[in-house]
Amino acid sequence: MQHQETPSNKIVQWIKTSITARMAMVGFLTLVLIIPLVFVQELIQERARRQQEVIAEINDKWGEELLVYGPILKIPYKSYTEKTIKNTETQTLTTETVTQTNYAYFFPETLDIKSAVNPEVRNRSIYKTTVFSATAALEGTFSMPDFTEAGVQPEDIEWENARIILKTSNLKGVSEAVKIKMGTSVYDFVSQYDSAAAHTTLDEVPLHLVQSAFLKTKDVPQEGKIPFQMDLKINGSEQIRFVPIGKSTSATITSTWKTASFIGDFLPHNTDKFTAEGFNAKWNVLDINRPFSQQFFNTLPNLTAYAFGVNFMIPVDHYQKSERTAKYGFLVIGLTFLIFFMIQTLSKIGIHPFQYLMIGIALVLFYTLLIALTEHSNFLTAYLISGSMVIVLISLYTYSILKHLKFALFIAAALTLLYGFIYVIIQLEQYALLVGSLGLFTILALVMFTSRKIDWNS
């Protein structure tokens, strides 16, 4: 008696032989593997956050970045306002004069900064950051303050209550008492809690205020100019910056660090700043080069946006490169599955969905290997090792299921070209889109050329 094929058997047979069914299965598995790719990207971000936490902890113990904003001459003055008071009993109006004390802030006429920085690398577990010990000698002159802009009368200026103030981002790192020589006298700085600094937003540099004792009248430039000189010895991390508040500001920063990055609103003017021993960078900034004046009344603005200096951070971009690489994971899986689909269709060799899944998991594993290895070596070495491991694994697995050496070698060559293509894109910045688009166009052309032999009607 002839066996009659049931509808369920027909469906199974259709799934095994239909090109459409195989395409649907491959597409479904590709979409399923997006889930572990998302987890991989979250893992990269989590490791990057952990790195930043460890670096922040090291920097907090040693000393944060060094930003110096000062010295600044702070002089109080009196201002007057009229206040009208109404007598409710007599219904008469009387006017009273209310006296208020305001402050004027004057920047130096000249400011010369000479700084020497000695960086070193600090490690904690697999993470490392740069810390430094810095000395900075600041000297210059203050000229006679000009109160005409605010319309202040000479008798309302409290010269006897003048101070010198200094703002810095790093009080914890100060290793010696801060003093300033004004004229012929030396004054000690004392710290003062600045509530505004405590409430700065996360994208601003919090500045701490220190100020000198009241200046002697002879050390306040009521006529002519008064020279000043001060020294700072501070431990810091990551970067050192200065705000060019002098009408004429000159600065020199020397260091034995050979991979410095110059940052801020102004770059060094000397072209021979790098030497065999490190670097010797020089700046000259005039008041016409920056968008703020030499004096402010009532409030002292935060001018840290106009600071310049040097960044000593170790460039750690392997997490960023790993994240960019993982974004191409969908493309790698899709193209690899497409190659196996073409082999299966053209050679009539069956490949089970489970085998597709194993190949896809191996491709996802590449990214976890890459993350782990980059934390202990450079990105190129990690990429080569993780890529080689995955390519060898998939090639051997291909030989075991297809039983043809030429297919295994073809898969190995295709994956090598694909991973090499992605590495080139990761290294490029300006031409990444162009190279990527040309590469995808070439891949599409090859697929179109190869797929012409497939009978899509079967």
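Student: What volume does the largest cavity have?
Tutor: In this predicted model, the largest cavity has a volume of about 50 Å³, and the count of cavities of 30 Å³ or more comes to 1.

Student: Which residues line the largest cavity?
Tutor: The lining of the largest cavity is made by L166, T168, L171, V174, V178, V210, L232 and I234, and the strands β5 (163–168) and β9 (225–237) each supply at least two residues of that lining.

Student: And how does the lining of the largest cavity divide by class?
Tutor: Sorted by class, the lining of the largest cavity has 7 nonpolar residues and 1 polar residue, with no charged residues.

Student: Switching to pockets, what is the volume of the largest pocket, and which residues lie nearest its centre?
Tutor: The largest pocket has a volume of about 680 Å³, and among the 23 residues that line the largest pocket, I339, F410, A414, I443 and L446 lie nearest its centre.

Student: Which elements give two or more residues to the lining of that largest pocket?
Tutor: Those elements are α6 (329–347), α9 (405–427) and α10 (432–451), with α9 giving the most to the lining, namely 9 residues.

Student: How many charged residues are in the lining of the largest pocket?
Tutor: There is 1 charged residue in the lining of the largest pocket, alongside 17 nonpolar and 5 polar residues.

Student: Now the helices: at what angle do α7 and α8 cross?
Tutor: The axes of α7 (residues 353–374) and α8 (residues 379–402) come within 8 Å and cross at roughly 165°; since angles over 145 degrees count as roughly antiparallel, α7 and α8 are therefore roughly antiparallel to each other.

Student: Is the crossing of α7 with α8 left-handed or right-handed, and which residues make the contact?
Tutor: The crossing in which α7 passes α8 is right-handed, and the residues that make the contact include M358, I359, F366 and L370 of α7 together with F379, Y383, M389 and Y397 of α8. By class, the residues of the contact of α7 with α8 divide into 18 nonpolar and 4 polar, with no charged residues.

Student: What about α5 and α7, how do they pack?
Tutor: Helix α5 (residues 318–326) packs with α7 at an angle of about 175°, the axes being 10 Å apart, and that makes α5 roughly antiparallel to α7.

Student: Which residues meet there, between α5 and α7?
Tutor: On the α5 side, H318, Y319, S322, T325 and A326 meet F366, Y367, L370, I371 and T374 in α7, and by class this contact of α5 with α7 has 6 nonpolar, 4 polar and no charged residues.

Methods: Residues numbered from 1 in each chain as written. Predicted model: local features only at pLDDT ≥ 70, side-chain atom pairs only at ≥ 80, totals over all residues. Heavy atoms only, no water. 1 Å grid on protein atoms, 1.4 Å probe; cavity = no way out; pocket = protein on both sides within 12 Å on 5 of 7 lines; lining within 4 Å. Points joined across faces, edges and corners; volume = space filled by probe spheres on them. Helix = DSSP H or I, 4+ residues; strand = E, 2+ residues; numbered from the N terminus. Nonpolar A, V, L, I, M, F, W, Y, C, P; charged D, E, K, R; others polar. Axes fitted to C-alpha atoms, helices over the stretch in contact; angles between N-to-C directions. Parallel < 35°, antiparallel > 145°, perpendicular 65-115°, else oblique. Left-handed = near helix turned anticlockwise from the far one by under 90°. Contact = heavy atoms within 4.5 Å.
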